[in-house]
Amino acid sequence: MQLDQTATVSPTVLFQSDMTTSPTTSSPLKFGGSDKFIRELRKRVDAYFEKTGSSKRDCPSMYFKTATILAWFFGAYFLLLFAVTAWWVAIPLAVVLGVALAAIGFNIQHDGGHKAYSSRPWVNKMMALTLDLMGGSSYMWDWKHNSIHHTYPNIDGHDDDINVGFLGRLSPQQPRYWFHRVQGIYLWVLYGFLAIKWHFVDDFHQLVVAKIGAQKIPRPKGMDLFVFIAGKVAFFSMAFVIPLILHHWWAVAGVYAIAAFTSGVVLSVVFQLAHCVQEADFPVPTMTANGERMETDWAVHQVQTTVDFARKNKVLCWLLGGLNFQVEHHLFSRICHVHYPALSKVVEETCKEFGVRYTANHSFFAAVGSHFRLLWEMGKPVAGESAAV
């Protein structure tokens, strides 16, 4: 849905700019408050595009970036497949391949999946399908990320992206176990297994149970199911079947492990730096007669649960696909990320006028430090509290 729907629509539906259907819940969480902030912000963003004459989508720089990243990925892949035989070359090249996989996700797939890449639906679909090339599922991602995470960021029990299982405690509402005292050390290693778990477990599990976290989702059917299966076949063929024809199994397994671990760390950490940091809120819904309800409106909630970082670092801005501007992304997910640096000035100024807290860590390492401190705080026992086990 678009952001210019009438104010009589529930805020929970009004601002879900990418989803076509809500995840199935017995009593959907609703947002309260006024929509004046987002309407004024949207008006100013529209004025920016009218003034500059820029297009919200179909940006030439984005097409060039896509070609560059895909050349990077396939260059590393084909070198490993046909040219490299020495382990001391294969290892760093596998790391390069892993970063390229993450770059595809940050830039090409992410904009395509949000319909921010192009005004042409088929172009967005093609770009979104690069996730299936990476070993994920564009269908499951659409539900997990667009429909759930972008609606309920940092709300425990609703946002599955802050649920890493019992091994990690990322929210104050999650149970604390004794070993969480050292999660600030071991979770950084476990982040590397995100992609591996994604490839072999998550999508298949969600397909079987028809749920993502606590949210029920429809199983893919027809063309969606075909794409799901075809994507898995294509990925496992590229990752294992084809390389095994030319190389020893241990070499193939080793390159896969390094590339997948690298992409897992990069993908996980970048997400955590936007939401799981000390500066972000983890609000709790209020139970009413009509179900759960948030005190703030949807747009204010997005700003308060999201933190930008390293906004002046041009290298990171290019590599991360604007995901260091997550505040802007959550508010305007259907606008191509190449515009986020300019839009951040509009968003920050509007937040100040409306008294909405806007937060940004000045550098990548400042954001890493904030995430580390949050992990440490979430793992420490509180006076009078006992661990779950």
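Q: Which residue does Arg-42 form a salt bridge with?
A: In this predicted model, Arg-42 pairs with Asp-46, and their closest N and O atoms are 4.0 Å apart.

Q: Where do Arg-42 and Asp-46 lie?
A: Both sit in helix H2, which covers residues 36-52. They are four residues apart, about one turn of the helix.

Q: And how many salt bridges turn up in the whole structure?
A: A search finds 13.

Q: OK, what does Glu-353 meet in a salt bridge?
A: Its partner is Arg-44, at 2.6 Å from N to O. This pair links distant parts of the chain, with Glu-353 in helix H15 (residues 340-354) and Arg-44 in helix H2, 309 residues apart.

Q: How does Glu-353 count in terms of accessibility?
A: Glu-353 counts as partly exposed, at 49% relative accessibility. Arg-44 is partly exposed too, at 23%.

Q: Which residues join Glu-353 and Arg-44 in a network?
A: Glu-40 and Lys-43 do; salt bridges that share partners join these four into one network.

Q: New topic: is His-150 buried or exposed?
A: His-150 is buried, because its relative accessible area is 5%, and buried means under 20%.

Q: What is His-150 in contact with, leaving aside its neighbours within four places in sequence?
A: Its contacts include His-114, His-145, Trp-298 and Ser-333. His-329 is another one of them, and a polar contact of 3.1 Å joins the side chains of His-150 and His-329.

Terms used: Residues are numbered from 1 along each chain as its sequence is written. This is a predicted model: local features need pLDDT of at least 70, side-chain atom pairs count only at pLDDT 80 or more; totals for chains, interfaces and linings use all residues. Side-chain values use heavy atoms; hydrogens and water are left out. Buried means under 20% relative accessible area, exposed over 50%, partly exposed in between (1.4 Å probe, protein chains only). A polar contact is a pair of N or O atoms within 3.5 Å; within protein, one must be able to donate a hydrogen and the other to accept it, and residues adjacent in sequence count only if both atoms are side-chain atoms. Contact means heavy atoms within 4.5 Å. A salt bridge is a side-chain nitrogen of Lys or Arg within 4 Å of a carboxyl oxygen of Asp or Glu. Helices (H or I, at least four residues) and strands (E, at least two) are DSSP runs, numbered from the N terminus.
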